[in-house]
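The sequence and the model are shown first.

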Amino acid sequence: MTTRRFDWPDLLFGLFLIAVAAGTFAATWRLAGGSAADMGPGYMPRAIALALLAFGLFFAGRGLLRGHAGIPRVQLRPILGVGASVGAFALLIEGAGLAAASLAAILIAACASRESRFLEVILFGLVITAGAVLLFVKALALPVAIWPW
Amino acid sequence: MTLRLLKAAAAALTLCGALAPSFAHAQNFERPVRIVVPFAPGGTSDILARLIAPKLSEAVGQPVVVENKPGAAGNIGADAVAKARPDGHTLLLMDIGSLAVAPSLFPDLSYNVENDLAPVGMVMFGPYVLAVNPSVPAKNVSELVAYAKANPGKLAVANSGVGALNHITAVALARDLGIGWKNVPYKGGAAASRAVVSGESNVIINGATATLPFVTNKQLVGIAVTGEERLAALPDVETFKEAKLPLNDAGTWQGLLTTGKTPPEVVARLNGELNKILALPEIQAKIAEQGGSPRPGTPEAVKSWLVTNIKSWGDIVRAADIKTN
Amino acid sequence: MELFDNLFLGLSTALQFNNLIYCLIGVVIGTAIGVLPGIGPIPTVALLLPFTFGLAPASSLIMLAGIFYGAQYGGSTTAILVNVPGETSSVVTCLDGHEMAKRGRAGPALAIAAISSFFAGTVATVVIAVLSLPLAALALKFTAVEYFSLLVLGLFAAVILAHGSVAKSLAMVFLGLLIGTVGIDVNSGVARMTFGIPALSDGLDFVPVAMGMFGLAEIIANLERPEVRQVVSQKLRDLVPSRADLKAAFPAMVRGTFIGSALGVLPGGGAALPPFTAYALEKKVAKDPSRFGKGAIEGVAGPEAANNAGAQTSFIPLLTLGIPANALMALMIGALMMQGIQPGPQVMTEQPELVWGVIASMWTGNLMLLIINLPLVGLWVSMLKIPYRLLFPAIVLFCCIGTYGISNSAFNVWLMLGCAVVGYFFIKVGVEPAPLLLGLVLGPQLEENFRRAMQLSDGDPSVFVTRPISAVLLGIVALMLIAMLSPAVLKTRKEALAE
């Protein structure tokens with residue numbers, strides 16, 4: 001648990017909403033707004049962003065004032081492991097084919113858990129990769145290359 | 001507009017179709033061939049691709065897979081083909097009208113339609129049907145035009161999306177006839193048809209494949225059809241030409257293309273195989289069920305079709321100030 | 001009576017040996033692709049279309065329909081076991097279904113899902129047989145104005161969905177509405193917030209967002225906790241729902257079935273609403289709403305029934321008007337036309353054995369699904385015996401392949417990764433992602449229909465209250481608002497929501 005001067009969940013959620021609202025205003029300032037009866041493309045995004053801004057200020061303010069709630073400590077290993085695994089798959093799938101992308105995704109994902117065992121993961125990865133190729137390419141005919149060549 | 005040129009192109013198409021097969025067997029295929037369909041499964045392009053794929057596979061001795069790459073009005077799929085290895089193993093099957101309007105609709109298009117894609121051949125032409133909800137008091141073109149002039153703003157034309165060909169066609173018709181109607185965009189042709197059947201909008205210009213059933217069922221009233229001849233299913237509905245309407249050749253032109261800079265002999269081989277497939281009676285029957293007619297032809301004919309229409313559609317888009325960006 | 005004649009005609013078609021086989025093939029394929037996250041029925045049906053050319057029209061339609069509702073069955077299995085929703089409908093099943101699984105009650109959750117779906121399927125078959133013509137007429141009365149009002153009502157239901165604070169779930173609905181506006185604006189054709197990425201021009205796909213925020217975020221959060229050896233009981237008694245379970249689930253099934261049957265008929269907006277609405281209703285009528293989100297069996301039974309009933313009644317516009325209610329029904333039209341049948345109202349009279357055969361096959365298909373799925377419950381549950389350290393990399397991989405397969409592009413995989421990170425943040429700050437997903441699905445339609453209604457009425461907003469169906473729907477919204485704001489209700493809500 002981190003420090004408890006603020007209500008951290010509320011504060012962070014509020015700040016997140018404020019950031020999203022600000023980003024929306026920045027991204028849509030060029031779009032025509034129009035009126036409620038004759039909306040332009042920019043009307044809805046900005047109207048929603050305005051509501052989000054209000055929500056954000058409310059939560060952030062409440063978070064600052066109310067206090068006394070922490071958030072569970074963030075561990076880096078799971079999020080980095082799973083993130084890297086998905087990223088590796090996305091990078092490899094189009095160039096290197098399904099086999100390599102699957103194996104990489106399984107091996108990297110396994111790093112996210114402290115309990116993974118080296119040999120077991122390699123073996124499991126190979127089996128699942130073979131299974132995925134058979135299932136998705138052979139049985140379901142997903143149009144994706146198996147090998148890089 | 002460019003009616004005469006297009007007619008000439010169409011004539012050239014039919015002529016050259018007979019000569020094409022002599023080029024066959026010039027090239028071999030070593031890897032699986034992909035036909036990219038830049039739309040979601042189920043549309044005309046998708047169905048055509050899935051009809052052609054097994055026949056093409058027999059012809060080239062390699063598996064042929066259909067890959068749907070939908071998004072951005074077909075530009076994501078077209079871009080993927082434009083950037084593929086130029087060896088004729090990656091094909092694109094789509095309504096080439098969308099390709100013709102893309103440069104004018106999307107100023108920062110990520111590929112060049114004329115240089116990065118190499119036409120293989122035309123596949124089919126499907127005419128448009130102009131139809132109205134029965135609540136509109138018009139049975140033919142002159143009544144519709146008279147009604148539109150007498151009741152400005154009463155007619156709402158459903159289209160399948162801003163910048164879609166039937167949108168541009170509706171805009172061009174209004175311009176040429178001097179009538180004012182609302183253009184109401186929907187997400188795709190099916191949603192647009194539904195809206196006109198329910199009376200939410202009251203006019204539709206759409207591919208015969210999707211719209212014909214509603215006309216034959218009397219849920220919609222057929223006003224006119226594009227193409228050279230009347231439709232067998234609607235013998236009483238006049239053609240655009242008979243009604244002295246412009247845009248007689250508006251409709252879906254489905255074409256097959258591959259990556260630009262593909263060696264001409266590979267393109268010739270593909271063209272030969274395509275035209276042989278289009279000559280098969282079973283394929284012709286299936287294409288007729290899709291409301292169209294096969295249009296075998298040469299790559300050059302497709303090329304000139306594209307060049308002509310990039311300009312003519314582009315003029316309409318710019319004149320009407322249709323923007324998507 | 002004509003109804004019985006029709007049903008008899010249908011059954012005699014559906015019970016032909018070859019049609020039974022095609023129905024079985026359809027539901028088995030459907031179940032399989034439903035269980036696999038991300039691989040939906042649409043690409044599968046497209047893939048199988050060419051193989052149906054050679055079949056009789058009834059056989060091909062029976063098989064394709066089987067894939068569709070079979071996939072609904074399979075999808076809930078994955079949602080319950082590993083919290084990965086493959087479709088809009090299974091998001092709601094995740095809420096309480098996965099919670100039940102976490103508490104060692106995966107067996108009853110799966111069984112109730114199967115039984116609810118069968119029940120709903122049976123009732124929906126009768127509904128289609130009796131009411132298809134009046135319901136189709138009702139669906140045609142829904143124009144942009146009515147859709148807008150219906151969607152407003154649906155979004156209000158979302159507020160009841162969440163089991164956290166009302167303010168937070170409202171904020172999440174708005175967040176969902178906002179990301180729903182990404183992409184090319186249907187009414188003006190202008191690209192919004194696409195940051196020049198062409199893949200964003202059709203908006204954010206639902207599947208990567210849902211799989212990232214539910215499936216992957218949950219995995220990341222699970223990995224932070226030391227692995228708990230889950231005791232998976234294989235005793236038959238723990239696999240089947242108890243008498244108390246059934247008693248609690250049955251009324252929910254009935255309510256869900258009716259909601260689903262009614263909403264499923266509506267083209268377009270229909271698909272997403274039934275399970276969400278059913279869940280909201282169950283929570284509203286429950287004596288103790290605080291159980292929801294913690295493994296309430298009604299929270300599985302109601303939405304599952306609604307989902308399946310809606311899936312079947314969505315055939316009504318197709319069979320009676322030739323109008324597809326969703327992308328999958330559009331594919332079915334393609335299949336019909338390949339068979340040389342022009343879809344439309346005349347199909348009912350010209351090809352009665354086809355229409356009624358397909359309707360009757362839905363019942364036989366649902367029966368097959370029940371028979372296939374109930375014995376499989378034990379097998380699925382034993383899947384949870386696989387140690388988590390092996391299970392989770394496989395789920396991650398299947399999520400990746402599934403999202404890639406949606407449009408064969410790596411972009412959706414990246415999008416899922418981004419959503420996983422955001423979803424993890426939501427878990428950390430304690431907000432529920434479900435209302436966001438509803439906002440994402442309904443938001444674009446809400447705006448599209450509102451603006452279309454205004455365009456068609458020349459900017460006159462009074463159409464929303466002068467058209468009767470719309471006025472009634474908005475009236476219900478107003479009543480809900482008054483009920484929510486009245487102090488007495490506010491107090492009970494506070495008690496109910498205090499955790």
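Of the 149 residues in chain A, 40% are buried, where buried means that 20 or more other C-beta atoms, placed from the backbone, lie within 10 Å of the residue's own, exposed means 12 or fewer, and partly exposed lies in between. The model is predicted: local features need pLDDT of at least 70, side-chain atom pairs count only at pLDDT 80 or more, and totals for chains, interfaces and linings use all residues. Residues are numbered from 1 along each chain as its sequence is written, and chains are lettered from A and ligands numbered from 1 in the order in which they are written.

**Chain A**

Chain A contains four helices and zero strands; helices (H or I, at least four residues) and strands (E, at least two) are DSSP runs, numbered from the N terminus. The radius of gyration of chain A is 23 Å, well over the 15 Å that the globule rule gives for 149 residues, so the chain is more spread out than a compact globule. This radius is taken over C-alpha atoms, and the rule is 2.2 Å times the number of residues to the power 0.38. Along the principal axes, the C-alpha atoms of chain A fill a box of roughly 55 × 45 × 20 Å.

An automatic or database domain assignment supplies the bounds: chain A has domain 1 (8–66) and domain 2 (76–139). The C-alpha centres of these two domains of chain A lie 38 Å apart.

**Contact between chains A and C**

The contact takes 54 residues from chain A and 49 residues from chain C, a contact being a pair of residues whose C-beta atoms, placed from the backbone, lie within 7 Å. On the side of chain A that touches chain C, H3(A) supplies the largest share, 16 residues. By class, this side of chain A has 41 nonpolar, ten polar and three charged residues. Ala, Val, Leu, Ile, Met, Phe, Trp, Tyr, Cys and Pro count as nonpolar, Asp, Glu, Lys and Arg as charged, and the others, Gly among them, as polar.

Among the buried residues of H2(C) are Asn19(C), Tyr22(C) and Cys23(C). H11(C) has a kink of about 30° at Ala249(C), shortly before the proline Pro251(C); the bend is the angle between axes fitted to the seven residues ending at a residue and the seven starting there.

Methods. Two residues are in contact if their C-beta atoms, placed from the backbone, lie within 7 Å.
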